[in-house]
Amino acid sequence: MSVSQARRAAFDTWELINHGKSPIEERRKEKLEKQLVIEQARKDALSQVQTFEKVALEWVDDRALHGYWSQDIKGEKKTRQILARHVFPKIGKENIETITLEKIRECLEPIWQTIPSTAKKVKSYIQKIFQWAIALGKRENRENPALMDGALGILMEPLQKNKKEKQNHAASPVGLLPRLMSEIHSYDSMSAKACEFAILTACRSKAVRLAEWSEFDLEKGIWQIPVEHDKIKVPNRDRTIFLSAQALALLEGLVRFSESPYIFPSSQGSHFSDTALTMFLRGLHEKKLAEDGIGWIDPQKSQKLNRPCTITVHGTARATFRTWAKDDELGNNRKFDQEAVELCLLHSKNDAYNGAYDRAKLEKERRFIMDCWGKYCHSQLKKQPQFP
C-alpha cells in the first residue's frame, strides 16, 4: 500500500484501540461478514435454479388446484408417490435446464423391463412435466428430452426386446365355473359373498369392495357404480350394472349394518382390502389342491408360463364371463349381442368418435345377458332364486 494508505490504516487501528476494541478481532468480524454475504448470495442464486423436483411438485400442485384429479381421489397421492420413488432420486436435484437424455434413461432403465406399467407412467409424467415447464418458461430450452419419438426412443430401443409382457389375470375355465360358484356359495363369510357377487355381476373388485347400499335400486334391479369406484374416470359414462335374479337374491340375503354403509363390510366395519377376495380364492385353491392335486387354476395360463396359476377374482369375474358370452360350443356367440356384452363389462365404444353418435344402451339385451349368466353361474346350486 502507499504511505498515505498506511497512515490511514494506522490511524484507524489507533482509533479502535482508543475505543477499547481489538483491531485483530474487528478484522476477523469484517472477514466473517463478507463470507456470510457471499454465502447468502450463493444460496439466493441456488434458490433461483429450477430443479426437476421443484418444477415437478409445482406441476402436481397446479393440477390439483385446477381439479385434474376431482374424479380420482387417490390420483394426486399416487402421482406424488411414483415421482418420489422412481424419479426424484435420479434427477430430482438436477437443473431442469441441463437434464440430459442419459439421465432420463437412468430413471426408466431399472423399471422398464420389470414393471412396465409403472415405467409407462413414469415416462408419461416426465414428458408432461417438461412440456409444462417449457410452456411456462421454466425451461428455456424448448426441446422435450422425454419424447419417445426422438433420441430417447433410440436409447430405450435395446430395452424393448426383453420387456416383460403384460400378463392377463388367471381365470376359471368356463366349464368349471358352476362348480366353483357352488363351492363359493357354500361359505357364509362376507368375503365369500363379495367374491360371489363380483362374479355374478362381472365387475371389478374395487367397485364391489367399495359398494354402498345407496348405489342400488333393488326394485329396478340396477346398480349405479360411482365414478370414483370405476377404473375409467371419464365423466357421464354409463356405469349401470343390471342385476340378475341370483345377484338380487344374494343382496336380499345380506344383513345390513347400521354402523357401516358398505354392502360387504369387514369385521371392523370398513371395506375389504384389495387382497381380501384374493386370499379367499387362494384358500379354496389350497383346499382343492389337497383333494385332487390340481386346485383351482387357469389351465391355459399355467401351460403358457409352465407353472400353476391360481385363479383370481378379476380374471374369473371378467375374462370367464367374456369367454362364456362368446362360447361357440354353448352357442352364446350367436345368442348374445357382442356389443351388449362389452357394455355389461362397462367397456366403452372404441371408435373414431368414442361412441358420440351411437348412444344406444341396449338395456333389454344387457338384462337378458346378465340373467343368463346368473343362471349359468348357479346352475349347480340345488335351490335357484326366484325373482320376477
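**Contacts, overall shape and local features of the chain**

Among contacts in the chain between residues at least 6 apart in sequence, 64% link residues at least 24 apart. The structure is a predicted model. Its secondary structure amounts to 18 helices and three strands. The radius of gyration is 32 Å, well over the 21 Å that the globule rule gives for 388 residues, so the chain is more spread out than a compact globule. Along the principal axes, the C-alpha atoms fill a box of roughly 115 × 50 × 50 Å.

Buried residues account for 40% of the 388 residues. The chain carries 63 positive and 52 negative charges.

Helix α13 was examined along its length. The helix spans residues 276-292 and has 17 residues. From its first C-alpha to its last it reaches 25 Å, close to the 24 Å expected at 1.5 Å a residue. Its buried residues are Ala276, Leu277, Phe280, Leu281, Leu284, His285 and Lys288. An α-helix has 3.6 residues a turn, so residues three or four places apart point the same way. The cover over the buried residues of α13 includes α9 (177-185), α10 (190-201), α11 (205-209) and α15 (313-325). Gly293 follows the helix. Its phi is positive, near 75°.

Lys120 lies in the helix itself. With a relative accessible area of 60%, Lys120 is exposed, because this value is over the 50% cut-off. Lys120 and Leu108 are twelve residues apart in sequence. Their C-alpha atoms are 8.8 Å apart in space. Ala146 sits in the loop between α7 (116-135) and α8 (151-160). Its relative accessibility is 1%, under the 20% cut-off, so Ala146 counts as buried. Leaving aside neighbours within four places in sequence, Ala146 is in contact with Ile104, Ile126, Gln127, Phe130 and Leu152. Leu16 is 130 residues from Ala146 along the chain. The C-alpha atoms of Ala146 and Leu16 are separated by 63 Å.

Backbone angles were also considered. Most residues other than glycine have a negative phi. Asn306 has a positive phi of about 60° although it is not a glycine. This residue is placed in the loop between α14 (299-305) and α15. Asn306 counts as exposed, at 71% relative accessibility. Leu362 also has a positive phi, near 50°, and is a residue other than glycine. Leu362 belongs to the loop between α17 (338-344) and α18 (363-377). Its relative accessible area is 27%. That value lies between the 20% and 50% cut-offs, so Leu362 is partly exposed.

Technical notes:
Residues numbered from 1 in each chain as written. Predicted model: local features only at pLDDT ≥ 70, side-chain atom pairs only at ≥ 80, totals over all residues. Heavy atoms only, no water. Helix = DSSP H or I, 4+ residues; strand = E, 2+ residues; numbered from the N terminus. Expected span 1.5 Å × (residues − 1). Buried < 20%, exposed > 50% of the residue type's maximum accessible area, 1.4 Å probe, protein only. Contact = heavy atoms within 4.5 Å. Rg over C-alpha atoms; globule rule 2.2 N^0.38 Å. Lys, Arg positive; Asp, Glu negative; His and termini not counted. Charge placed at Lys NZ, Arg CZ, Asp CG, Glu CD.
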